Amino acid sequence: MKMKKAIFKGSAQEARSTNLSIKPLVVAVALTLTFSPSIWAQQSNSKTDAASELLSGDTTKIGGYVRAMGSWNLENAGSGNVGNNLLTNDKMPSTGQDETGAMSMARGTVFLDFEAKRNQTTIKASVRSDQEVETSYLKRLNQKRAGNSVLGLNALPTGKSTSSDLMDQYNDTQIRDLYVDFPISENVQARIGKQQVVWGESDFFRAMDIVNGFDYRWRSFLEVENEELRKTNWMANFRINFPEQNGSLQAIIKPGLDRGEDIGNSYDITGGRWANNPYRGVDFYNVNNANSFTADPSTKAYLGTNYRHHLGDKKDTTGGLRWTGLEGNLNYSLAVLNGFGNPVVVPAGNSIIGSTGSTAEATSGSLGDVVFPKITAYGFTLNGYSPTFDAVFSTEQVLTTGVAYNFGSMKNGSQNPVFNIPGLDGYMKKNTVTSMFRMDKSVDLTKVIGTSRPSFGSVQVFNTHILNYNKSDDLVGLIGFTGALKQNTTWVTGILGMNYSNDRINPALAVGGDMTNGGGFIIPSVEFVLGDFWRLKAEADIFFSSKSRPQAFDNQGGNVADPGAPLMGYFHGNDQFVLRLTRNF
């Protein structure tokens, strides 16, 4: 159940930035308009054949959308001290100029979906192509990724990062679905191929929705349709129905055919628009060619990526089982899943750079390697309607084993040699319990604010509890930040979806607050339904941080006592205004 897709339609907030540049967005809009005439013709032809297909029991559907998206900075995402020696700066630099009003994204997307049904067998294939114009802001970030890279030890005279171009993580053409769905017997259905599978009940923060990883590099966690962010994987997916028990058993086998980039969750660590503050414009994959401390400074990057690590190998077979059933008016599920978790950095085994601890090892990066450890999750979900409260209540409880965390916050005397990079002392595994409680309720605001019909409201409480937690473990929330991880982290989120003009104008408001560390977000938006095929959406993404100065590393030790940046601190200075135009077909 993913209700965000249906109700995350919101009220527009006027952009408070100035000098908004729209030229790059014109290209994306032109892409949308260019594809439309052929799509309309295709629709007419498909309607002609619809009657004969239905009579034969077979259907062929071709659909999809073309989309143009643009976003603008609502505050100075380029703030920070400018310079190459980052060790003594309170903030790391990004572009060195005021970026308020700068266009951060000009993106065009074409999604094509094909489905053919013959008797009880269905073939599904979909392709998505995303192409962006390099805005002036992104161009400045791209240029700064060389001189501003980690520790300021590699200011390249070419002004170009030695890793891949920043735009490579935004431009992509990929097969999203490619599978065949067929019955094995009366009660057994199989789906074989590339696909995505959604488990769990949570919105915003995910506990059991980890069958597939997510790509947060181009839009972070903000995209409404989470299937746009979710990666797709090759797997065999079987469903066995048990009618007499009012339930079904789902078995998933992932044989390790996916590319390394398709496992786990991907985050921006190359200095792009969604890199955690204050690391925008800082490329962790750059080569430290001016670093005399490394054995091979001409070819060794600060961080490498190892998809074949003993903690998690992309070739490993993973999978899970899930039982879903109905007991009275209660829907429930029990699941176990073995898969890949969030990435962690394995520090380099070097007495000068990195760690000398037991988790240090030979790595391709001079500071360490990014790896994707395997985890096992045991989950339980329950939801049902309460006539007393006229609401649907849901819960999700998940025990996850083998969750890896980096440690060494530069507090409690734990400091790695020379550079004092938080989290580079090593990593350790913990077990966690995540709990979610949610209430979904219809709220009648027709007489209060004049909506066309009752509105949808949802409140969710999400908590992560670390078992066997010891403060002396000195876990960090994220490597590169001094913020020590607490045993419990609690979030409260809420959504209100409204409808006007017979569902042609649909505003919404999403809010969230970090009850443990402070900070939160507010996302007002509005979607306009323009006829049968066109949709226009305006949105503002506003973040509130309890730490106005997110603390990264500081070799001088002057800010070691700073509690660092929790989750909302990572988004500090990144308020955005977004426009999205979609033509469905």
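Helices here are DSSP runs of H or I with at least four residues, numbered from the N terminus. With that in hand, welcome to a short tour of this predicted model.

View 1. Asn142 sits in helix H3. With a relative accessibility of 2%, this residue counts as buried, because the cut-off for that label is under 20%.

View 2. Four helices and 23 strands make up the secondary structure of the chain. Of its 585 residues, 54% count as buried. The chain exposes about 24,200 Å², and 56% of that comes from carbon and sulfur atoms. Among contacts with a separation of 6 or more, 69% join residues 24 or more positions apart.

**View 3. Strands E5, E6 and E7 side by side.** Strand E5 (residues 188-195) pairs with strand E6 (residues 233-242) in the antiparallel sense, over eight bridges. To find your place, look for Gly193, whose bridge partner in E6 is Met235. E6 is also joined to strand E7 (residues 247-254), again antiparallel, by seven bridges. Here Phe242 has Gly247 in E7 as its bridge partner. E6 and E7 form a hairpin with four residues between them, and Asn246 in the turn has a positive phi of about 55°. As you trace the strands, keep in mind that side chains in a regular strand alternate between the two faces of the sheet.

**View 4. Glu201 in the loop between E5 and E6.** This loop holds Glu201. Glu201 has a relative accessible area of 6% and is therefore buried. Its side chain meets that of Asn383 in a polar contact of 2.9 Å.

View 5. The chain has 16 aromatic pairs. In one of them, the ring centres of Tyr216 and Tyr267 are 5.4 Å apart and the planes lie at 25°, so the pair is stacked. Tyr216 belongs to the loop between E5 and E6 and Tyr267 to the loop between E7 and strand E8 (303-305), so this pair links distant parts of the chain, 51 residues apart. Tyr216 counts as buried at 13% relative accessibility, whereas Tyr267, at 39%, counts as partly exposed.

View 6. Phe221 lies in the loop between E5 and E6 and Phe521 in strand E21, 300 residues apart. Both Phe221 and Phe521 are buried. They also belong to one aromatic cluster, together with Phe205, Trp274, Phe462, Trp491, Phe543 and Phe571.

**View 7. The largest nonpolar core, seen around Phe543.** This core has 56 residues, and those with the most contacts inside it are Trp199, Phe221, Phe521 and Phe543. Elements that each supply at least two of its residues include helix H3 (136-147), strand E12 (330-340) and strand E21 (520-530). Leaving aside residues up to four places away in sequence, Phe543 touches Phe221, Leu222, Trp274, Gly520, Phe521, Met568, Phe571, Asn574 and Asp575. Another core, of nine residues, lies apart from the largest one; among its members are Met103, Val526, Ile542 and Phe577.

Key. Residues numbered from 1 in each chain as written. Predicted model: local features only at pLDDT ≥ 70, side-chain atom pairs only at ≥ 80, totals over all residues. Heavy atoms only, no water. Core = buried A, V, L, I, M, F, W, Y, C linked by side-chain atoms within 4.5 Å. Buried < 20%, exposed > 50% of the residue type's maximum accessible area, 1.4 Å probe, protein only. Contact = heavy atoms within 4.5 Å. Areas by Shrake-Rupley, 256 points an atom, 1.4 Å probe, with all protein chains shown as cover. Pairing = 2+ DSSP bridges. Polar contact = N/O pair within 3.5 Å; in protein donor to acceptor, adjacent residues only side chain to side chain. Phe/Tyr/Trp six-rings, centres within 6.5 Å; stacked < 30°, edge-to-face > 60°.
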